[in-house]
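Student: Could we go through the aromatic rings in this one together? I'd like to start with what the words mean.

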Amino acid sequence: MTRVKVVNAYTCPKGKHTVYLFRCETSAISWEIERRYKDFVELHARLRKGLEGHTEIVLPPRTFFGSRTAGVVAKRRLQLEAYLNAVLEVFDPLSMKTVEDQGRSTATYYSTLAAFLHRGEGIESSPKGETVVPSHETEGLGFIV
C-alpha cells in the first residue's frame with residue numbers, strides 16, 4: 001500500500017503560491033513529490049465520480065485570504081495529507097482492482113492517481129481527456145496503467 005506524508009511546505013520564490021513536499025512510501029521504495037493546492041483541485045475533479053459514496057473524503061476548502069500564512073499552511077498540510085491517504089485507501093495504484101463503475105473502468109482513476117504521485121510535473125492529459133502516464137515513468141513500480 002502507498003502512504004504519503006507532508007514533510008514540508010514553502011512559498012514559491014516569487015511569493016505567489018505554496019508548494020507542499022510529500023514523501024510517498026511503499027513497502028519497496030520511497031520518493032518525494034511537490035504539489036500545489038491547485039494540483040489537488042485538479043486531482044479531485046478527475047476522481048470525483050469515482051469517490052461518490054465516500055463522503056469522508058473531502059478536499060480542504062480553498063482559502064482566498066491569508067492562504068500563505070503559517071497557520072493556514074500548517075492546517076492545510078495536515079488536511080492534504082489526510083485527503084491523499086484517504087484517496088489512496090480507495091484507489092491505491094499498487095493494489096489496482098478492475099471493477100466497473102457505471103460502465104467506466106476504474107483503471108482511469110488509478111492511472112490518474114499514479115500520474116499525480118509521479119515525480120514529474122503532474123497529471124498529463126491526452127487529447128481525449130484520458131490520463132496518460134508514459135510507460136517509462138511507471139516501469140518497475142508494480143502496476144500497469
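Tutor: Let us begin with burial, where a residue counts as buried if its relative accessible area is under 20%. Please keep in mind that this is a predicted model.

Student: Okay, so is Phe40 buried or exposed?

Tutor: Phe40 has a relative accessibility of 0%, which is under 20%, so Phe40 counts as buried.

Student: And how many aromatic pairs are there?

Tutor: The count comes to four aromatic pairs. In one of them, the ring centres of Phe40 and Tyr83 are 6.2 Å apart and the planes stand at 70°, so this pair is edge-to-face.

Student: Where do Phe40 and Tyr83 lie in the chain?

Tutor: Phe40 belongs to helix 1 (residues 37-47) and Tyr83 to helix 2 (residues 70-90), so their pair ties together parts that are 43 residues apart in sequence. Tyr83 is buried as well, with a relative accessible area of 2%.

Student: What about Phe91 and Tyr109?

Tutor: Those two form a tilted aromatic pair, with 5.1 Å from centre to centre and 35° between the planes. Phe91 sits in the loop between helix 2 and strand 4 (100-101), while Tyr109 is in helix 3 (residues 107-117), 18 residues apart, and both Phe91 and Tyr109 are buried.

Student: Which residues form one aromatic cluster?

Tutor: The cluster is made of Phe22, Phe40, Tyr83 and Phe116.

Student: New topic: which ring does the charged end of Arg35 sit over?

Tutor: Arg35 has its charged end over the ring of Phe116, 5.3 Å from the ring's centre, and Arg76 lies over the face of Tyr37, at 3.8 Å from that ring centre.

Note on methods
Residues numbered from 1 in each chain as written. Predicted model: local features only at pLDDT ≥ 70, side-chain atom pairs only at ≥ 80, totals over all residues. Heavy atoms only, no water. Phe/Tyr/Trp six-rings, centres within 6.5 Å; stacked < 30°, edge-to-face > 60°. Helix = DSSP H or I, 4+ residues; strand = E, 2+ residues; numbered from the N terminus. Buried < 20%, exposed > 50% of the residue type's maximum accessible area, 1.4 Å probe, protein only. Lys NZ or Arg CZ within 6 Å of the ring centre and 35° of its normal.
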